[in-house]
Each structure stands twice: as structure tokens, then as C-alpha cells.
Amino acid sequence: MKKLIVVLLLVSMATGAMAADYGYLTLKLQDGTQQSLVSDGLKISFTDGCLVATATDGTVYSVEQSRLYSMYFSDSSVTAITNVGASAPVSVTANNGTLYVAAAKGSKVSVYSVSGALVGRATLSSTTAEAVGNALPSGVYLVKIGDLTTKICVK
């Protein structure tokens with residue numbers, strides 16, 4: 001019995017050490033959706049048939065165990081932001097804090113921060129690259145051109 005307890009203790013310590021090397025815990029649900037949680041200081045418990053994950057800032061994420069397909073630690077988070085196809089060629093680039101967009105003439109362009117705040121808006125007057133956002137601080141932005149949404153990193 002003592003050997004079993006020692007083995008279980010060693011396995012749990014090794015698992016904890018391995019998890020500390022990764023920045024995110026990703027939960028994949030039966031419906032295919034995924035949620036990434038910052039693993040630093042994350043507390044996980046199982047209560048009333050639910051997995052409950054509590055972050056250091058007090059944010060709580062809860063999911064029924066029956067909906068949970070898998071969970072794993074990773075170096076990067078999963079985002080729900082994907083590039084959606086467009087009917088006309090579109091180009092979004094960034095240079096020195098300015099976003100340049102090339103798309104069909106008359107395209108309506110909106111630029112959002114990842115928090116959802118609108119930071120720029122324009123209607124393209126030609127198909128060549130036009131400046132849409134000026135003096136943007138470094139970060140990730142969502143650029144909506146018609147029904148196309150893409151993300152871009154400004155450095």
C-alpha cells in the first residue's frame with residue numbers, strides 16, 4: 001500500500017511539473033468548440049458533475065463533464081477568430097503603426113481592437129492600398145472588409 005501511495009505521489013508531482021511548462025490549458029468540448037485558459041495559478045475542481053476552473057483574477061469557467069471531450073496543456077491559446085473567404089482579392093498589411101488595406105473600390109473597412117473597440121473606419125476610394133488606421137499602438141487588430149474579417153498584428 002505504501003508503494004502505491006509513493007508511486008501516485010511521484011506521478012502527481014511529475015504531472016504538475018510538466019503542466020507548469022505550458023501557458024494554457026485548452027478544453028475541447030463534444031461540439032468541437034475550444035476554450036483556452038491561462039494555466040498560471042489556475043485551480044481546477046470537479047463539483048456536481050462539472051469541471052470548474054478558477055483563474056487567479058477570480059474568473060470562473062465551468063463546463064459539464066459530459067460535454068468535455070478532452071483537455072490538454074499547450075504553449076498557445078486557441079482563438080475563435082478565423083479568416084473568412086472573400087469574393088474579391090483583399091490585402092491587409094501593417095507598417096510603422098499604419099494599416100494599409102487593398103480591396104474592391106467602395107469597400108467599407110472597419111478596424112477593431114481585440115477588446116472590440118472601433119479604432120478606425122474608411123470607405124476605399126480605389127483598389128490600391130489605402131491607409132485605414134494611423135499611429136496604432138502595437139497589438140492585434142481585427143479588420144472587417146465587407147463580410148471578410150481578418151486579424152493582423154501591428155508591431
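Is Asn96 buried or exposed? The tour reaches that residue in its third stop and starts with the chain as a whole.

**Before selecting anything**

This is a predicted model, in which local features need pLDDT of at least 70 and side-chain atom pairs count only at pLDDT 80 or more, while totals for chains, interfaces and linings use all residues. Residues are numbered from 1 along each chain as its sequence is written, and side-chain values use heavy atoms, with hydrogens and water left out.

**Stop 1: the whole chain**

Display the chain as a cartoon. It has 1 helix and 13 strands; helices (H or I, at least four residues) and strands (E, at least two) are DSSP runs, numbered from the N terminus. Read from the N terminus on, the order of elements is α-β-β-β-β-β-β-β-β-β-β-β-β-β.

Switch to a surface view. The accessible surface comes to about 10,100 Å², and 57% of that belongs to carbon and sulfur atoms; accessible areas come from the Shrake-Rupley method with a 1.4 Å probe, and for residues only the protein chains shown count as cover. Of the 155 residues in the chain, 27% are buried. Buried means under 20% relative accessible area, exposed over 50%, and partly exposed in between (1.4 Å probe, protein chains only). Among contacts between residues at least 6 apart in sequence, 48% join residues at least 24 apart, where contact means heavy atoms within 4.5 Å.

**Stop 2: the sheet 2-1-6**

Select strand 1 (residues 24-29), together with strand 2 (34-38) and strand 6 (68-74). These 3 strands form an open antiparallel sheet in the order 2-1-6; two strands pair if DSSP finds at least two bridges between them. Strand 2 and strand 6 stand at the edges, each with a single partner strand, so one side of each is left without a neighbour in the sheet. From one strand to the next, the twist averages 20 degrees; axes are lines fitted to C-alpha atoms, for helices over the stretch in contact, and angles run from 0 to 180 degrees between N-to-C directions.

Next, pick Thr26. Its bridge partner in strand 6 is Tyr72, and in strand 2 Thr26 stands opposite Ser36. Strand 1 pairs with strand 6 over 6 bridges and with strand 2 over 5 bridges. Strand 1 and strand 2 form a hairpin with 4 residues between them, and Gly32 in the turn has a positive phi of about 95 degrees.

**Stop 3: two loops with positive phi**

Most residues other than glycine have a negative phi. Select Asp48, which has a positive phi of about 50 degrees although it is not a glycine. Asp48 lies in the loop between strand 3 (43-47) and strand 4 (50-54), and is exposed, with a relative accessible area of 79%.

Then move to Asn96, in the loop between strand 7 (91-95) and strand 8 (98-102). Asn96 is exposed, because its relative accessible area is 70%. The hairpin of strand 7 and strand 8 has 2 residues between the strands, and there Asn96 takes a positive phi near 50 degrees. The two strands run antiparallel and are joined by 5 bridges; Ala94 has Leu99 in strand 8 as its bridge partner.

**Stop 4: a nonpolar patch**

Select Ile44, Phe46 and Met71, which make a nonpolar surface patch of about 280 Å². Patches are made of residues with over 30% relative accessible area and no salt bridge: like charges are joined within 9 Å, nonpolar side chains (Val, Leu, Ile, Met, Phe, Trp, Tyr) within 5 Å. A salt bridge is a side-chain nitrogen of Lys or Arg within 4 Å of a carboxyl oxygen of Asp or Glu. Phe46 is in strand 3 and counts as exposed at 52% relative accessibility.

**Stop 5: the sheet 10-9-12-13**

Finally, select the 4 strands that form an open antiparallel sheet in the order 10-9-12-13. Strand 10 (118-123) and strand 13 (148-154) stand at its edges, each with a single partner strand, so one side of each has no neighbour in the sheet. The twist averages 20 degrees from one strand to the next. Strand 9 (residues 108-113) and strand 12 (residues 139-145) pair over 5 bridges, and Ser113 stands opposite Tyr141 in strand 12.

End on Val109, in strand 9. Val109 counts as buried at 0% relative accessibility. Leaving aside neighbours within four places in sequence, Val109 is in contact with residues including Val101, Ala122, Leu124, Val132 and Val143.
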